[in-house]
Amino acid sequence: RPTAEDAELLGASHTSRWSSASRRMRRVSVSVAVVLLMGLACVLTITAIMVLRLWFVRRGYSTVYVAIINAAAIEVFNSVWRHIALALTSWENHRLEKRFRDALVFKMFAFQFINCYFSFFYLAFFRRHDGTLFGLARSANLATDRCGGLDCMYQLRQQLLISLLFNFVVGTANETLRPVRKAAITKLKACLKRASRRVDVEPEADEVRLDAIAAKRRRKERLTPAEERLYEQNELIVDIVAQYDLPELKAVEFGLSPTFYEFNELALQFGYIVLFSAALPAAAGLALLNNLLELRLDSVKVLKLTRRVPATSDSKGIGAWRSILLFLTYVGLGTNLGILIYTSDWFERFYPSFTPLDKLLLVVVLEHALIGLKLLIDACVPDMPAGVRIALAREEWL
């Protein structure tokens, strides 16, 4: 807590600098308004893509192209929103870094939940019972969008599969090629800058040779005996300069933790799997294969293509991402039960006399029963075994 002298030097008190309730409320209100406006723009865009799908169906075209357009629109909105959310959270001027990270996580995922899953919720729960696309199909003089249980499940499965594959390919390529692209742009700028100076004085021989040695080591080429001796004399300098020549990780460049965007991608992927796994059970296997591949690509990116970051141990747990994953888990119980009972034909084969209201009540009852079972397991099984708690307490005491 700053002293009175420090507050006078800063020109403001500790409370007015960070904790002004009115200023905080104004900025948070603006952020919420921006989130809602971006969410509305996202919903309108996805709805327009659904109308485009009806237009494709009317003319006999394949709807796979529309699913690809939808996946691309989701990716574009996510990329744009990452920059907007970061700017809004920085503008809110949170006092603690933890509050800054938590606000950024909730702000980012609130929009991404609408952007990534809106079309899937429509396909899973509204399309079968409201075939007019909220009245737009009728006003646009297009065919109705209503479908049977099997057709709805097929469309949901197709959209989910294309979205997952699109995210896997585009996301992996973007994350892997981004440092390569940045390094090439940096080298090009350096070459143009040196050419524009037109320096007549030749650099010293040692400087040229050190640059050549660093370049050879990056290409894993064999050094001459003279270069080996020079490298041994200047090993630390060459390695440090070589590291600073590499581009930073995307999250580190924006002042975030190195794994922030990786957690964001995993949370979105977890949402696709948990919320709609009843439509595509193989989604978990596809995600596993993608994560194993991305694990190797990330290791190459961190060790070879980007500047290394020091290991940090000040973070306890995964922060606000834990709340996001728990939220998706609870919502996933209701969505999967709704898909099986309310959308697909599987339940109607065994209980054809159930009305839509009966199905809805059954979904609510089963969902609450599963949530109660989950809470009971959490209460009975501790997150950390007693032996581990004792070992950690002993280590902390020592």
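Over which residues does pLDDT stay under 50? The structure is a predicted model, in which local features need pLDDT of at least 70 and side-chain atom pairs count only at pLDDT 80 or more, while totals for chains, interfaces and linings use all residues. Residues are numbered from 1 along each chain as its sequence is written, and side-chain values use heavy atoms, with hydrogens and water left out.

The stretch in question is residues 198-208. For these residues the model has one contact beyond four places in sequence, a contact being heavy atoms within 4.5 Å. The score itself, pLDDT, is the predictor's confidence in each residue, from 0 to 100. Its average over the protein chain is 78, and 77% of the residues score at least 70. Among the elements of the chain, helix H12 has the highest mean pLDDT (90), and helix H1 (residues 4-10) the lowest (50). Helices here are DSSP runs (H or I, at least four residues), numbered from the N terminus.

The largest nonpolar core has 50 residues, with Tyr-117 and Phe-260 making the most contacts inside it. Such a core is a set of buried Ala, Val, Leu, Ile, Met, Phe, Trp, Tyr and Cys residues joined through side-chain atoms within 4.5 Å, where buried means under 20% relative accessible area (1.4 Å probe, protein chains only). Helix H5 (97-126) gives this core its largest share, 15 residues. A search of the whole structure finds two cavities of 30 Å³ or more. A cavity is a set of points on a 1 Å grid over the protein atoms alone where a 1.4 Å probe fits but cannot get out, and its lining residues have an atom within 4 Å of a point. Grid points are joined across faces, edges and corners, and a volume is the space filled by probe spheres set on the points. The largest cavity has a volume of about 140 Å³. Of its 14 lining residues, Met-50, Arg-53, Val-66, Leu-123 and Gln-159 lie nearest its centre. Helix H3 supplies the largest share of this lining, four residues. By class, the lining has seven nonpolar, six polar and one charged residue; Ala, Val, Leu, Ile, Met, Phe, Trp, Tyr, Cys and Pro count as nonpolar, Asp, Glu, Lys and Arg as charged, and the others as polar.

The second largest cavity holds about 90 Å³ of space. Its lining has five nonpolar, one polar and six charged residues, and helix H7 gives the largest share, three residues.

How values were computed:
1 Å grid on protein atoms, 1.4 Å probe; cavity = no way out; pocket = protein on both sides within 12 Å on 5 of 7 lines; lining within 4 Å. Helix = DSSP H or I, 4+ residues; strand = E, 2+ residues; numbered from the N terminus.
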